[in-house]
Amino acid sequence: MATVLVITCSPRGERSVSSALTTRFAQEWARHHPQDTIRLRDLGHHPVPHVSEMWIVGASAGADSQTAASREAIAISDTLIEEFLAADRYVIGVPMYNLNIPSTLKAWIDQIVRAGRTFAVGPTGYEGLVKNKKALFITTSGGNYTAGTPLAALNFQEPYLRAIFGFIGVTDVRFVTAAGMNQGRDEAAKSRGKAERTLDDLSISW
Ligand SMILES: Cc1cc2nc3c(=O)[nH]c(=O)nc-3n(C[C@H](O)[C@H](O)[C@H](O)COP(=O)(O)O)c2cc1C
């Protein structure tokens with residue numbers, strides 16, 4: 001029995017391709033794995049706050065030196081980290097925005113990447129504390145950034161997600177991409193269909 005945390009971050013609701021693919025995967029996963037618990041977080045419509053000055057005070061203070069204000073500032077981070085650590089798998093739908101991830105997802109990452117909670121700083125350097133988890137990123141983009149194409153070097157979305165999840169210990173990651181969403185109806189439908197087939201296979205076993 002596993003807990004799957006499903007995150008979407010497009011604000012486009014019903015029109016969002018990344019959210020549609022992610023929701024479809026979650027529904028198929030639930031059908032094939034009825035014993036699992038699915039938790040949903042919609043950052044596109046319910047964004048989390050940015051890191052503030054008091055947040056940084058709270059995140060760096062020990063439990064004994066918190067003030068009421070610093071405790072309040074990191075309360076959302078505590079909640080999001082608990083939700084994150086309680087899950088065994090992460091399924092995250094991510095549109096490409098300006099060659100990277102949407103700021104709503106970055107704000108959530110800033111809340112859950114925290115010293116002493118999801119990574120440690122030791123004598124030998126940084127250590128990820130989030131062990132034995134799997135992440136599936138379902139990405140979409142208007143253009144095509146496939147390896148070997150001229151635009152590949154401009155894809156900061158996938159390398160960044162690999163780096164930051166790896167930093168906290170989540171190294172078992174997989175990407176399924178529907179690229180070319182703005183490259184004509186045929187190209188978009190072909191790319192989306194291919195992603196759907198891959199995701200349907202993964203919803204049986206991943
Ligand atoms: C603010 C914004 C920035 C975007 N930046 C890029 C980009 O840098 N490269 C790209 O290929 N597509 C870009 N797109 C297109 C989206 O990645 C594409 O339409 C994607 O399918 C949107 O995901 P969604 O359907 O889940 O909302 C951008 C779209 C928006 C709204």
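1. Helices (H or I, at least four residues) and strands (E, at least two) are DSSP runs, numbered from the N terminus. The model is predicted, so local features need pLDDT of at least 70 and side-chain atom pairs count only at pLDDT 80 or more, while totals for chains, interfaces and linings use all residues. Residues are numbered from 1 along each chain as its sequence is written, and side-chain values use heavy atoms, with hydrogens and water left out.

2. Helix H6 covers residues 185-202, and within H6 glutamate 196 and arginine 192 are four residues apart, which means a separation of about one helical turn. Glutamate 196 and arginine 192 form a salt bridge, with 3.5 Å between the closest N and O atoms. The term salt bridge requires a side-chain nitrogen of Lys or Arg within 4 Å of a carboxyl oxygen of Asp or Glu. Through salt bridges that share partners, Arg24, Arg192, Glu196 and Asp200 are joined into one network. Arginine 192 is partly exposed, at 30% relative accessibility. Here buried means under 20% relative accessible area, exposed over 50%, and partly exposed in between (1.4 Å probe, protein chains only).

3. The structure holds 10 salt bridges. One of them links the side chains of arginine 162 and glutamate 158, at 3.0 Å from N to O. Both residues belong to helix H5, where arginine 162 and glutamate 158 are four residues apart, about one turn of the helix. Arginine 162 is partly exposed at 40% relative accessibility, and glutamate 158 is partly exposed at 23%.

4. Two strands count as paired if DSSP finds at least two bridges between them.

5. Strand E3 (residues 89-95) runs parallel to E6 and is joined to E6 by seven bridges. Tyrosine 90 has alanine 135 of E6 as its bridge partner, and glycine 93 stands opposite isoleucine 138 in E6. E6 and E7 are likewise parallel, with seven bridges joining them; phenylalanine 137 has phenylalanine 175 of E7 as its bridge partner. E6 is largely enclosed by the rest of the structure, because six of its seven residues are buried.

6. Strand E4 (residues 119-122) and strand E5 (residues 125-128) are paired in the antiparallel sense over four bridges, and a hairpin of two residues joins E4 to E5. Alanine 120 has glutamate 127 of E5 as its bridge partner. The side chain of glutamate 127 also meets that of lysine 131 in a salt bridge, at 3.4 Å from N to O. Glutamate 127 is partly exposed at 42% relative accessible area, and lysine 131 is partly exposed at 45% relative accessibility.

7. Neighbours within four places in sequence aside, valine 113 is in contact with Thr118, Phe119, Ile164, Phe167 and Ile168.

8. The loop between strand E6 (134-140) and helix H5 (157-167) contains leucine 151, which is partly exposed at 32% relative accessibility. Leu151, Leu154 and Phe156 make a nonpolar surface patch of about 240 Å². Patches are made of residues with over 30% relative accessible area and no salt bridge, like charges being joined within 9 Å and nonpolar side chains (Val, Leu, Ile, Met, Phe, Trp, Tyr) within 5 Å. Accessible areas come from the Shrake-Rupley method with a 1.4 Å probe, and for residues only the protein chains shown count as cover. Threonine 149 is also found in the loop between E6 and H5 and is partly exposed, with a relative accessible area of 29%.

Methods:
Contact means heavy atoms within 4.5 Å.
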